[in-house]
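Here are my notes on the model you sent over. Have it open while you read.

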Amino acid sequence: MSEGSVVGSFVVPVHPHTVLAPNQNEGWQRLRDAFDEAAQTIKDLDADLLVIYSTTWPSIIGHQIQSDPNPEWVMVDHDFHDLGSIEYSFNIDQEFAHAWDDANKKRGLQSRCVNYKGFPIDVGSVVALTLLNPDNAIPAVIVSSNMYANRSETTVLAKSCLDVIKSQGRRAVAVTAMSLSNRMFTDFIKPEDDKIHSLKDDEWNLKILEFLKQGRLEDVGQLSRTIQRQIRVQKVVAFKPMWWLSAMNGNRNDLSGKVLAYEPIHGAGGAVVSIDPTPSGAGDKEYDEDDVEYFHGERGVLDTIDENDTGAQQSPVVEQASSGPSLWEPTEAEGSVNTDAAPKPVGAYPHARKVGNMLFLSGVGPRQPGTNAIPGGPIHDEDGEPLDYDIEAQTHAVVNNVKRIVEEAGASMDQVVDVTTFLVDMKRDFKGYNDVWAETLGKIGPTRTTLAIDALPTPIAVEMKVIVHLGE
Amino acid sequence: MVKGKIVAGCIAPHPPHLVYAENPSQNEPVAEGGWEQLRWGYERLRASLADIEYDAIVVLSPHWQTYIGTHFLGLPHFQGLSVDPVFPNLFRYHYDLNIDVELAKAIHDEAASAGLPVKMMENPDFRVDYGTITTGHLFNPEWDKPMVVLSSNRSTAYYSVEVMQEIMVELGRVTRRAIEASGKRVVVLASNSLSHRHFTTESEVPEDMSKEHITSHAMHLWDMRIIDYMRTGQAQRILDEMPEFTEQAIAESDGGGLSWLLSTLDVPDYPAILHGYGTIIGTGNAVVEWPCHAHEEADA
């Protein structure tokens with residue numbers, strides 16, 4: 001079985017006008033035509049899965065995934081009930097829903113499947129599935145939008161979805177059901193009077209569409225918080241769907257985008273956009289925020305943090321990790337290279353040291369700077385009981401930590417010349433580690449030695465010792 | 001015609017957990033109890049109003065969220081299955097409720113005359129939101145009184161708490177005027193939590209009360225401050241502090257129910273009765289009654 005992938009992505013509007021009343025407004029009709037074109041494209045892609053991330057299905061307890069194989073009901077919109085009702089009967093991929101739920105949990109997310117007769121499928125999902133998959137030929141899965149989730153949680157949600165798409169060999173189409181600007185008119189208007197609520201909303205919408213047209217999905221993701229402040233009604237904490245869609249496409253900026261339609265729906269910005277994973281040939285742009293592989297929770301917003309606590313400066317031992325050895329401030333000696341962007345050492349040593357035109361890194365593991373969390377999960381619990389961990393997530397995290405230290409030294413990853421890797425379970429982990437190596441350091445070409453060892457100081461499965469040639 | 005009157009005003013929470021914990025025959029999931037402080041609070045509220053005659057219940061629910069004006073259920077009867085999209089494991093309730101369409105239309109028309117955007121909801125396929133049903137069930141488990149159901153306009157999200165409050169205070173005034181003109185005796189309910197920061201995880205047994213508490217001390221302080229104003233007849237101070245309360249306690253008053261209620265009651269300066277307080281997945285909830293009937297009798 002070949003590895004699955006996302007073969008196409010779409011942004012689609014959420015309001016019911018495109019289903020119930022396209023003939024009442026020329027713009028609504030153009031959106032409907034664009035939906036029809038998108039449906040044909042999906043058919044032509046030979047897709048075997050539709051994944052819907054809907055902004056009109058809010059959740060509180062983590063993310064919810066629809067797993068009723070055939071949800072049926074009649075949907076009436078809370079605002080636009082006078083447009084009529086939409087009867088639906090969808091084809092949900094129950095097996096995929098459960099696999100995604102499992103994958104979410106493996107990556108540290110709170111998640112659950114919902115399978116209840118009469119569950120109210122939200123308007124965004126109903127519109128998307130009714131128009132993109134009119135004959136129900138393609139099985140679908142729908143996920144909620146957690147009202148408290150921020151970037152890392154939303155990104156990891158996409159990555160766990162990709163895990164399943166890849167492992168099941170699926171040809172998936174990712175869809176975000178969303179408005180661009182979502183400010184509607186607060187009074188009733190005639191269909192013929194519809195327009196984007198304000199010039200500012202219109203300008204921002206056009207800016208987003210320009211980015212999408214250029215395939216710069218990652219850049220739109222980076223703008224999510226700004227977009228939320230500028231043109232979104234402040235009912236949730238962030239404009240999340242672009243984070244999700246960007247992560248579903250590997251956080252890239254060289255995709256190929258096409259705007260099929262952009263029109264107002266009662267003042268809100270509705271657009272149908274098609275995004276093709278084929279590289280456009282554009283250079284990938286700067287990627288500003290750290291990638292995230294495993295969710296450790298950002299929800300400690302109510303915890304008290306004493307920002308005046310500067311005890312770390314008084315002692316080299318800065319904190320006791322929740323389990324395992326104490327964490328130290330990296331030592332400073334001539335040529336030392338240290339960074340807050342890498343995890344704190346577990347002893348008195350620097351992150352790296354320059355000698356002449358060579359840079360020698362101390363052993364680097366996957367622990368995350370700041371939180372000390374281990375992407376992919378620790379290999380055992382505090383009692384030493386083994387846990388199921390994700391070696392690929394750990395290896396990715398190691399490479400990311402190496403990259404941060406190398407860049408702190410003013411070098412780049414393509415200057416890495418030699419790597420020694422330590423695995424605590426060669427039999428279990430070599431393949432996963434080797435796969436990640438191939439798609440990261442393997443593309444650069446350093447020499448490599450891989451050793452099996454008994455244990456590492458923290459509950460991690462992989463560590464790398466790296467040598468960099470800084471050039472003449 | 002006899003002048004209509006509001007016989008009581010209440011703030012009454014609607015998390016589906018309360019119905020779940022009661023195990024009524026209409027709800028599919030089964031619980032081992034839980035959240036008794038609030039459920040017993042509802043019991044005390046029902047007992048307090050048991051001898052008071054009234055014709056209809058007017059409720060504003062923050063879970064029928066409308067962005068374009070205020071909407072009113074506009075058909076005489078609604079029947080169906082309400083599944084909470086957030087807690088479907090707890091709430092799958094078969095509802096059957098009657099609407100006082102005449103009174104709903106009267107409030108609608110009065111609001112329209114005052115320049116507020118309003119609409120009657122007359123689509124028979126419409127599913128009534130779980131907030132209305134939870135409050136309706138706990139306030140009146142027999143479902144033997146017709147209701148008037150108002151949507152929650154989301155003007156806080158669009159503009160600010162101040163703008164929301166201005167709209168809701170006006171909606172409260174027209175609600176009162178319409179009730180008085182109707183000749184009916186009415187209970188008004190704001191289906192509303194106080195502080196509204198949820199836990200984002202759920203215990204294995206949702207009704208495990210060893211896991212239940214307020215999300216933070218700050219939330220508790222705000223809840224007690226607002227309840228104290230209620231108990232001491234200082235409704236105006238609640239309105240005055242509504243922006244700070246709504247913002248800092250992430251309060252469900254953002255839906256306008258509390259502002260509407262206090263305005264409908266003409267901003268009462270007499271003490272309310274606290275029937276119960278408790279938390280539900282970390283949010284603060286109170287069952288409070290303003291006994292308008294007793295206040296009028298005392299005045300008379």
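1. In chain A, β13(A) and strand β14 (residues 352-355) run antiparallel and pair over two bridges; strands here are DSSP E runs of at least two residues, helices H or I runs of at least four, numbered from the N terminus, and pairing takes at least two DSSP bridges. Across from Ser336(A) you'll find Arg353(A) of β14(A).

2. Keep in mind that this is a predicted model: local features need pLDDT of at least 70, side-chain atom pairs count only at pLDDT 80 or more, and totals for chains, interfaces and linings use all residues. Residues are numbered from 1 along each chain as its sequence is written, with chains lettered from A and ligands numbered from 1 in the order in which they are written.

3. Zooming out, six strands of chain A make an open, mixed sheet ordered β13-β14-β15-β18-β16-β17. Its edges are β13 (336-337) and β17 (447-452) of chain A, each pairing on one side only.

4. Helix α10 (residues 391-408) of chain A lies across β13, β14, β15, β16 and β18 of chain A, at about 30° to β18(A). Contact means C-beta atoms, placed from the backbone, within 7 Å; angles run from 0 to 180 degrees between N-to-C directions, with axes fitted to C-alpha atoms, for helices over the stretch in contact.

5. Over in chain B, the buried residues of α2(B) are Leu38(B), Gly41(B), Tyr42(B) and Leu45(B) (buried: 20 or more other C-beta atoms within 10 Å of the residue's own, C-beta atoms being placed from the backbone). They fall within an arc of 100° seen down the axis, going by directions from the axis to the C-beta atoms, so they line one face of the helix. These buried residues pack against β1, α1, α4, β9 and β10 of chain B.

Note on methods:
Buried ≥ 20, exposed ≤ 12 C-beta atoms within 10 Å, placed from the backbone. Contact = placed C-beta atoms within 7 Å.
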